[in-house]
Amino acid sequence: MNEVKQKRDNEKRLTDDPSFSQLFHAWIESHQASFMDSFLRLIKHPIGSFFTCLVIAVALSLPMGLSIILKNVNALAGSWQQAAQISLFLHLDVDDEQAIKLQEELKQNPAIESTKLITQEQAVKEFQEQTGLGEALQALPNNPLPAVLVVTPKKLDQTTIVSLEKELQALPSVDRAELDMQWVERLMAILKLGEKFVFGITVLLIAALLLVIGNTIRLAIENRRAEIEVIKLVGGTDGYIRRPFIYMGALYGLMSGLLAWALLAFGLNWINAYVIKLAGLYASDFKLSSVSLEDAFSLIIGAILLGWIGAWLAVAKHLRELAPR
């Protein structure tokens, strides 16, 4: 009898004064129950859940797809950098040896990626091949074409390129430096416009996604209004009521993120075949890079956060309306 009494006393003491481990265990069990409840409610309506996730996935894949395409264009711009070259026309009295020495000096410049020397003799050959006026040049007493140093800047930055052009123009062996700045300015403007466009689309679609998720959670709340009112009557906290809806929003985000990843991978792979064919016509091996693991991870985490935030906002808005009547 004494042992039974002591056991009851111990159980009563644990109930009255639970330890931290017991509280933590109860907290974990409560979250597991909320997660399973949300998951089962989603798979109980597979078609409705799928189309909700599909809408969110399409909205997610648009800004991410544009961002990936913009990254590919930036990578392509790196190869286009070869066209942003500065042509240095040397004085006519600069011979090949002096031109080669100047080329070696320019290679030491940290702002220069590479240099290419076109000697006076090579310039004459190119002129003859392109114009067919070789006999006219041979009739002249001296070669009128100067040696040219073609300089490729390391960075495709307007300020850096202009500064480099002025620096090279000041060299004593250089007669004239020419740079196609209009082309560079257009390229930079297009890239900046693309970045702004992607940012704007991302902001708009994030707002739309929050509304879609919020509306979905609102419908779920309305369907469980009576149940929530009973929970409030027996002393259920707002956190306890909010928890399953938060998990539901996060699950919508997780499934939508995975679906968006699959849509992007399929879409980019489908477009890539045509991009490779088009690039081949311009003697280029350019192709679109697929969704990297880093981008996919960012997409999924972002989708989960959007689902979580959208659900939290929806529950916070409607929780006060769910007071027992």
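Mentor: What follows starts with one serine and its helix, and then moves on to the pockets and the whole chain.

The model is predicted, so local features need pLDDT of at least 70 and side-chain atom pairs count only at pLDDT 80 or more, whereas totals for chains, interfaces and linings use all residues. Residues are numbered from 1 along each chain as its sequence is written, and side-chain values use heavy atoms, with hydrogens and water left out.

The serine is S61, which lies in helix α3, residues 46-80; helices here are DSSP runs of H or I with at least four residues, strands are runs of E with at least two, and both are numbered from the N terminus. S61 has a relative accessible area of 12%, and it is called buried because that word means under 20%, with exposed over 50% and partly exposed in between, using a 1.4 Å probe and protein chains only. A polar atom of the S61 side chain lies 2.9 Å from the backbone oxygen of V58. Leaving aside residues up to four places away in sequence, S61 touches A260 and L264, where contact means heavy atoms within 4.5 Å.

A pocket is an open set of points on a 1 Å grid over the protein atoms alone, where a 1.4 Å probe fits, with protein on both sides within 12 Å along at least five of seven lines, and its lining residues have an atom within 4 Å of a point. The largest pocket has a volume of about 360 Å³, and of its 14 lining residues the closest to its centre are R41, H45, A220, N223 and Y252. Helices α2, α3, α8 (181-223) and α10 (238-281) each supply at least two residues of that lining, and α8 gives the most, with four.

The second largest pocket holds about 260 Å³ of space, and of the 15 residues that line it, the closest to its centre are L60, P63, M64, T202 and L299. Two or more of its lining residues come from each of α3, α8 and α11 (293-319).

Turning to the whole, the protein chain has 11 helices and four strands, and buried residues make up 35% of its 325 residues. Among contacts between residues at least 6 apart in sequence, 80% join residues at least 24 apart.

Key: A polar contact is a pair of N or O atoms within 3.5 Å; within protein, one must be able to donate a hydrogen and the other to accept it, and residues adjacent in sequence count only if both atoms are side-chain atoms. Grid points are joined across faces, edges and corners, and a volume is the space filled by probe spheres set on the points.
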